[in-house]
Amino acid sequence: MTSFPSPPWIADRIRARAESADPAVRSCVALRTTRADTTYAELWERAQKTGAELSALGIGPGDLVGIRLPSGPGVVVAMLASWLAGAAFLPMAAAVPDEYRDRLLSRSGARALVDADGPRALAGADAGTAAQLNVGRLADRAAYAIYTSGSTGTPKGVLVGQDALAAHAQGVADLLGLQPADTVLQFAGLGFDVAQEEIWPTLAVGGTVAFLDSADRALPSVELASRARELDVSMLQLPTAYWRLLCAEMQGSDVSFAGVRTVVIGGESAGTSDVHAHRAGPLGHCTLVNGYGPTETVITCTALVLRPNDPLPTTTGLPIGGPVGDRRLHILDADRRPAEPGAPGELWIGGTPLADGYLDDPSRTAENFRPDPFSAVDDARMYRTGDLVLRHPDGAVEFLGRLDNQVKVRGHRIELDEVDRHLLDTPGVTAAAAVAIDDGTGTGGRTLAAAVSVGPDGPTADGIRDHLRARLPRHMVPGLILVRDRLPLTPSGKIDRRAVAAAATATTVAGPEPDVVAHTAQASELSLLLDLVRTLLRAPDFGPDDDFLARGGDSLVALRVSGAMKRHGWRLRASDLVAAGSARAVAARMERF
């Protein structure tokens with residue numbers, strides 16, 4: 001059996017460049033913004049300084065450092081500094097609510113936090129986290145932990161080791177052909193594992209990581225192209241939903257991504273029709289990589305590579321490709337035996353680049369990470385993805401759906417049980433069920449909705465939403481909340497989610513695509529804007545003074561509204577809708593072309 005030796009840890013590879021005898025290597029650009037460049041030597045020096053500050057706080061091997069910083073050079077310095085102190089890091093988006101941040105820090109046992117105020121020890125943290133971080137695998141040192149939505153109603157911390165991350169970085173570099181001359185845009189939110197894939201494989205090969213200098217992760221195509229040119233970006237890694245919107249927006253435009261050679265997509269399923277739109281637009285000259293991978297498999301574990309002239313697969317859904325690096329794909333039946341040819345089965349991932357397991361949850365680790373009976377390597381493991389796939393006669397593996405209560409909404413993996421738990425924690429709510437429903441745009445997108453029953457004088461939908469917004473990341477707050485006296489039940493007495501989903505869908509606007517919303521010449525900009533937002537949020541009661549974000553809006557929805565308004569002759573930036581909050585406020589600032 002082929003064996004892949006463990007590559008050097010990423011910090012060692014960065015250090016080799018930062019301390020190279022060749023001054024040209026030391027001065028290569030590691031991090032880039034529109035304002036300044038940071039060389040490898042400068043990155044290493046800054047990381048050493050911050051690492052020394054963490055060590056002075058008593059941080060060492062087996063410890064975890066929380067990091068809550070905006071995207072930019074500072075967050076890379078903080079993550080690398082954690083490694084230099086011997087610790088692992090827990091990245092969080094700077095915008096997460098304080099209560100959610102505190103909950104993750106407490107659950108993880110983090111002993112320090114690096115934020116805008118610099119490194120500091122956390123009150124009440126003790127030194128007893130080493131055994132927790134190892135989660136039973138003592139041969140490797142932890143690199144980072146990422147919290148994902150949990151099926152038991154609480155977030156689950158996935159711990160990734162240095163060996164696994166180094167092996168994954170090498171696999172991604174080989175897959176994408178990363179070279180020192182490449183510049184990769186850091187696009188993903190820092191609370192998501194894809195950000196680690198944008199940063200570390202790039203730095204491991206001596207390339208440059210570029211930053212947007214903006215919290216907006218859904219720029220219009222013209223602005224994204226401009227940033228890409230300004231930063232000399234050669235590779236983009238984009239959420240599938242955002243990429244799909246870009247491709248639609250750029251049809252027939254003169255937007256140029258001439259310097260970009262590769263586009264990586266992932267986060268939700270894509271179809272061959274999406275590839276046609278990709279190839280017909282300004283990104284058509286790029287190699288397209290369709291990636292797939294749960295956090296537990298150290299980000300992208302399979303990928304399909306489509307060069308501009310490659311024939312398209314014959315499947316309706318775009319296949320998820322073959323293994324990345326030292327991984328093996330097992331498609332198994334319910335008895336964990338290889339599925340019959342042509343029959344669907346559950347995807348299990350084997351090989352070296354797997355997460356260590358779940359923080360402080362050995363039973364879940366043992367349940368999802370099993371010994372790999374198909375490997376001749378001692379202690380080989382495989383991870384149960386919970387995804388149903390099908391291998392076609394030509395070898396293409398197609399993703400068919402989930403086997404559990406997990407959903408994908410605008411690229412975010414969400415456990416409905418976790419949303420349910422927070423709904424039930426709302427005072428006055430007696431029963432709850434979250435569901436994902438079609439967003440009504442005709443693009444295959446989904447939106448998060450919920451139904452709740454409340455007692456006498458119970459909370460309103462807005463009150464419930466406000467309660468959730470203070471405790472959860474924005475993507476986990478349902479945009480539509482139905483308040484009922486009681487919820488529909490199945491014959492066995494459980495909440496009937498199908499009936500809830502049907503009720504949520506029936507309640508929402510079943511209107512046309514925003515592009516073709518009919519308006520008279522006298523229609524005001526506010527009237528048009530409200531119709532578009534109501535359609536896209538599936539919120540027929542959305543009022544002119546309602547908060548766009550509070551009602552389930554996000555940057556992707558704002559981008560769709562912006563594009564539709566442009567087609568009707570109005571100039572509207574997606575970021576203005578997100579920042580202004582209400583339709584009335586943003587309409588007052590809109591201008592005619």
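## Helices H10 and H17

H10 and H17 are roughly parallel to each other, a class that covers angles under 35 degrees. Helix H10 spans residues 240-250 and helix H17 residues 555-567; they pack at an angle of about 10°, with their axes 10 Å apart. From H10, Ala241, Tyr242, Leu245 and Glu249 make the contact, and from H17, Leu556, Leu559 and Arg560. Contact here means heavy atoms within 4.5 Å. By class, this contact of H10 with H17 has five nonpolar, no polar and two charged residues.

The model is predicted: local features need pLDDT of at least 70, side-chain atom pairs count only at pLDDT 80 or more, and totals for chains, interfaces and linings use all residues. Residues are numbered from 1 along each chain as its sequence is written, and side-chain values use heavy atoms, with hydrogens and water left out.

## Helices H9 and H10

Helix H9 (residues 221-231) packs on H10 at an angle of about 105°, with their axes 10 Å apart. That angle makes H9 roughly perpendicular to H10, the class for 65 to 115 degrees. Ser221, Val222 and Leu224 in H9 meet Tyr242, Leu246, Glu249 and Met250 in H10. The contact of H9 with H10 has five nonpolar, one polar and one charged residues.

## Aromatic pairs

Seven aromatic pairs are found in a search of the whole structure. Rings of Phe, Tyr and Trp (its six-membered ring) pair if their centres lie within 6.5 Å; planes under 30 degrees apart count as stacked, over 60 as edge-to-face and the rest as tilted. Tryptophan 83 and tryptophan 200 form a tilted pair, 4.5 Å centre to centre with 40° between the planes. Tryptophan 83 is in helix H4 (residues 73-84) and tryptophan 200 in helix H8 (residues 194-204), 117 residues apart. Both tryptophans are buried, meaning under 20% relative accessible area with a 1.4 Å probe, protein chains only. Trp83 and Trp200 also belong to one aromatic cluster with Phe89 and Tyr144.

Phenylalanine 187 and tyrosine 242 form a stacked pair, 5.1 Å centre to centre with 20° between the planes. Phenylalanine 187 lies in the loop between strand E9 (183-186) and H8, and tyrosine 242 in helix H10, so the pair ties together parts that are 55 residues apart in sequence. Phenylalanine 187 and tyrosine 242 are buried.

## Charges over rings

The charged end of arginine 17 sits over the ring of tyrosine 40, 5.4 Å from its centre. Arginine 364 has its charged end over the ring of tyrosine 358, 5.6 Å from the ring centre. The criterion is NZ of Lys or CZ of Arg within 6 Å of the ring centre and within 35 degrees of the ring normal.

Key: Axes are lines fitted to C-alpha atoms, for helices over the stretch in contact, and angles run from 0 to 180 degrees between N-to-C directions. Helices (H or I, at least four residues) and strands (E, at least two) are DSSP runs, numbered from the N terminus. Angles under 35 degrees count as roughly parallel, over 145 as roughly antiparallel, 65 to 115 as roughly perpendicular and the rest as oblique. Ala, Val, Leu, Ile, Met, Phe, Trp, Tyr, Cys and Pro count as nonpolar, Asp, Glu, Lys and Arg as charged, and the others, Gly among them, as polar. Buried means under 20% relative accessible area, exposed over 50%, partly exposed in between (1.4 Å probe, protein chains only).
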